[in-house]
Amino acid sequence: MLRILLGVNLMAAAAALVMSTGVADWLQQYIGLAAWVQPVLLLSLCLLALIGPLLSRLPVWPGRGIIVALASLLAALFADIWQLLGLDFAAPSDPLKSALLAACAAIALLTYFDLRMRAFSPAIAEARLQALTARIRPHFLFNSLNAVLSLIRADPHRAETALEELAELFRVLMRDPRNLLPLADEIALCRQYLDLEKLRLGDRLHVKWKLIDVPQTMRVPPLMLQPLLENAVYHGIEPISEGGTIRLRLMRRGNELHIDMSNPCTSDPADKEGGKSSGHQMALANIRERLALYYDLEARLETRLQPLHNGQHEFRVHILLPCRSEDL
């Protein structure tokens, strides 16, 4: 819907620019077009939202034909209304011309969405998801193995248990990255990873979980939270001699799942170059791209750095995911 709103208004602005003789005239022309475009556009979106389930059952071309016809009829209807009200500023006022312009705009947008769908075809999306997930696995497994190796001499029995946990993590990582997994499984994977890191860091690492009305069966992308926790340990807790606490809060609000994570850090990771900084930014960019592939504009990942009174900083990550009925 956001793309439709922006696309139609950009078309109106371009049409006003072609019709105008100057900047001041362009603004006047655009206001006249907008007065006609906005009611048609908003009513069209409302009707399409209502008949969306019906359109989804139809073949592609009949469904597109209905959308074009609906836009044309509404445009002609509003043109008649403007004529009856005597609003000369609303252009165009001719019903046939209005219907043709609306049909052209609808066809242009349908063509754009068709091209976009082809660009993000399943084969391409699957290949990108596999490549993005493959970038995470080596770093994750390398750190986990180091945690186990540090225990072999000091505590062989605990090292054996840790290897069993690592084998379980290997099994999870071998899953197809294209398939969503229950949120409960992702949380369990994170807890196992944190247990391994606690073997290495001991009392320096503390984790506080807070789950509020969390749908455990909700399906989410694999390895969504674990790389963020790895960043928090590697870039936040490990460089601080006294350690710190990682806080995670998962809360459902209506049809949205909010995930908040925070950890202390000595400075802004973005201020550093190379090494840890590049890995930190790559992981965030990786997760953003995977969320875009799964959810498009419905999901987002935001980060923020907040200074603390003790000279340190707190790095915060906020993820918003849609709670879709088919994923619950």
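1. Glu298 is partly exposed, with a relative accessible area of 44% (partly exposed sits between buried, under 20%, and exposed, over 50%, using a 1.4 Å probe and protein chains only). Glu298 pairs with Arg324 in a salt bridge, with 2.6 Å between the closest N and O atoms (that is, a side-chain nitrogen of Lys or Arg within 4 Å of a carboxyl oxygen of Asp or Glu). Arg324 lies in the segment after β7 (313-322) and Glu298 in the loop between α9 (275-295) and β6 (300-307), so the pair ties together parts 26 residues apart in sequence. Helices (H or I, at least four residues) and strands (E, at least two) are DSSP runs, numbered from the N terminus.

2. A word on the source: this is a predicted model, where local features need pLDDT of at least 70, side-chain atom pairs count only at pLDDT 80 or more, and totals for chains, interfaces and linings use all residues. Residues are numbered from 1 along each chain as its sequence is written, and side-chain values use heavy atoms, leaving out hydrogens and water.

3. How many salt bridges does the structure hold? There are six, and one of them joins Arg249 to Asp260 at 3.4 Å, N to O. That pair links distant parts of the chain, with Arg249 in strand β4 (residues 244-253) and Asp260 in strand β5 (residues 256-265), 11 residues apart. Arg249 is partly exposed at 30%, and Asp260 is partly exposed too, at 23%.

4. Glu314 and Arg316 also meet through their side chains in a salt bridge (2.7 Å, N to O). Here Glu314 is buried, at 13% relative accessible area, while Arg316 is partly exposed at 30%.
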